[in-house]
Amino acid sequence: MQDESAIDITGDGLEPTETETRLAARRRPRPSVQQTALRTYLILPAVFLAVTLLGGLRFGAADNAFIFLKPALICLVFASAMLVLFIRGGLVDIAGWFSDEFTTVQNVANAGVLLTLFAATTQVFNSLIPERGLPFWVIGFCFLWTIWNNLFLDLDTKKLLRSIGGLFALAFFAKYLVLANLTATGDAGWLQRIFEDPAKETFTWLLDLPRYSPATGYLQFLAIALFLLGLYLTPRRSKK
Amino acid sequence: MPNGNRDQKKYKLVEDEGIIPMKEKYIHILSITGVVCGFVFITFLYWAEPRSLAEVTSKGQVAIGTYSIDKAEFDRGVTAFRAEDFVGARAAFDRADPEKRDAATQFYVAYSFYRQGWGRVSSDDKLFAQGVAAVDRVIAIDPNYRSADAALVMRTPTEIKTELDEGLKLTPSDLNPLKLIKERK
């Protein structure tokens, strides 16, 4: 009886002000268990799968044709390091995602969600690291340096998310604004392009920059925004 | 405490702790299915590398084994081929067989390159090279293919390939004056 009164949520035996506060807290909309499950098991994988699909997609400069680029091996390495970072930073608590107390189906579903997170992370690196040439090595090295440093820091979840957001924003700026503006486009002959814009043509040749349609930048912006949204929605544990 | 209140509280706690196993189980199963389907679809796209939405459909049909050519476009192509409109014929054949997986269509494509590129004195190497690529596709699809079109002189891909290869090579026989009376097949 003593225990029951301790968790009395009906307001019996409490001061009027305290009762009002508790009632107000009860009236506040809280996500139900089913809503949380829907978010974790349906919305979250859908977001990460969308990122996985879009991360390697480019549009050809001449005809806007789809170009699907498979991720380089280094993207998988970076994604693995990022997963370790997510776990160390407290974004994902492995014990809260896999447990003997869960049913097999839930453990498998949790593995599926984390697999989509890994795939999306890989594709985000595929999106942000230039495809080839000197920029690939320079930006790849910058990523390696940052991730390696972060692995040994004591980051909390908020700081980790801010750091990842900042890192990806900078990489996006470098690839889709700076390098994209140095790339010569158009389907004219190389001689004509040299006469029209010698600087761009020189940079394109020197840095070995691929020619993509401007729509690629917009699409990748969406992919990165979705990825960050997905990280924000990712719960620390699959079950409270 | 009245029993009604206790039951209400108990129900509330059960709801808060999320003890609704059936529904959650379905959500988990739905999630696993969605993730598997999503990965299959994405893997297919990155493997097939379609260049447009239309190619997604045709490559999907190839993957699940329901691909077939557009018969009406194929007939249109054959009519254009017989009327010596080789460019129009190839455009129709491309529409009929966008995935280039039908031996009969690719045979006509190769033949159209041969007929368009053939010359009494010299042949068009560019067209003949494209013809070789098309006839190689026919051989890859069906090495024993034989055309049922009685109006054609060459009925097998090997015959076309021999003619195209000879046209591409520069040999002493090219200087043979009797070559001028040779007829197009």
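Tutor: In this predicted model, helix α3 of chain A, residues 33-55, packs against helix α11 of chain A, residues 215-233, at an angle of about 155°. Angles over 145 degrees count as roughly antiparallel, so α3(A) and α11(A) are described as roughly antiparallel to each other. Their axes are 9 Å apart, and the crossing is left-handed.

The residues that meet can be listed side by side. From α3(A) come A:Arg39, A:Ile43, A:Leu44, A:Val47, A:Phe48, A:Ala50, A:Val51, A:Leu54 and A:Gly55. From α11(A) come A:Leu219, A:Leu222, A:Ala223, A:Leu226, A:Phe227, A:Leu229, A:Gly230 and A:Leu233. Sorted by class, this contact has 14 nonpolar, two polar and one charged residues.

Helix α11(A) also packs against helix α8 of chain A, residues 157-182. Here the axes come within 11 Å and cross at roughly 175°. That angle is again over 145 degrees, and α8(A) and α11(A) are therefore roughly antiparallel to each other too. On the side of α8(A), the contact is made by A:Leu161, A:Ile164, A:Gly165, A:Phe168, A:Phe172, A:Tyr176 and A:Ala180. On the side of α11(A), A:Gly217, A:Gln220, A:Phe221, A:Ile224, A:Leu228, A:Leu231 and A:Tyr232 take part. By class, the contact of α8(A) with α11(A) has eleven nonpolar, three polar and no charged residues.

Now set these helices in their chain. Chain A holds eleven helices and two strands. Chain A has 240 residues, of which 29% count as buried. Among its contacts between residues at least 6 apart in sequence, 78% join residues at least 24 apart.

The loop between β1 (57-59) and β2 (66-68) of chain A contains A:Asn64. Most residues other than glycine have a negative phi. A:Asn64 is not a glycine, yet has a positive phi of about 60°. Is A:Asn64 buried, partly exposed or exposed? A:Asn64 has 15 C-beta neighbours inside 10 Å and so counts as partly exposed.

B:Glu49 is not a glycine either, and has a positive phi of about 50°. B:Glu49 sits in the loop between α2 and α3 (53-64) of chain B. With 14 other C-beta atoms within 10 Å, B:Glu49 is partly exposed.

The α2 helix of chain B brings us to the contact between the chains. That contact takes 25 residues from chain B and 26 residues from chain A. On the side of chain B, the elements giving two or more residues are α1 (3-17) and α2 (21-48). Of the elements on that side, α2(B) gives the most, with 15 residues. The classes on the side of chain B are eleven nonpolar, seven polar and seven charged residues.

Last, a residue elsewhere in chain B. B:Thr162 lies in helix α8 of chain B, residues 157-168, and is partly exposed, with 13 other C-beta atoms within 10 Å. B:Thr162 and B:Val132 are 30 residues apart along the chain, and their C-alpha atoms are separated by 9.3 Å.

Methods. Residues are numbered from 1 along each chain as its sequence is written. Chains are lettered from A and ligands numbered from 1 in the order in which they are written. This is a predicted model: local features need pLDDT of at least 70, side-chain atom pairs count only at pLDDT 80 or more; totals for chains, interfaces and linings use all residues. Helices (H or I, at least four residues) and strands (E, at least two) are DSSP runs, numbered from the N terminus. A residue is buried if 20 or more other C-beta atoms lie within 10 Å of its own, exposed if 12 or fewer, and partly exposed in between; C-beta atoms are placed from the backbone. Two residues are in contact if their C-beta atoms, placed from the backbone, lie within 7 Å. Ala, Val, Leu, Ile, Met, Phe, Trp, Tyr, Cys and Pro count as nonpolar, Asp, Glu, Lys and Arg as charged, and the others, Gly among them, as polar. Axes are lines fitted to C-alpha atoms, for helices over the stretch in contact, and angles run from 0 to 180 degrees between N-to-C directions. Angles under 35 degrees count as roughly parallel, over 145 as roughly antiparallel, 65 to 115 as roughly perpendicular and the rest as oblique. A crossing is left-handed if the near helix is turned anticlockwise from the far one by less than a right angle, and right-handed if clockwise.
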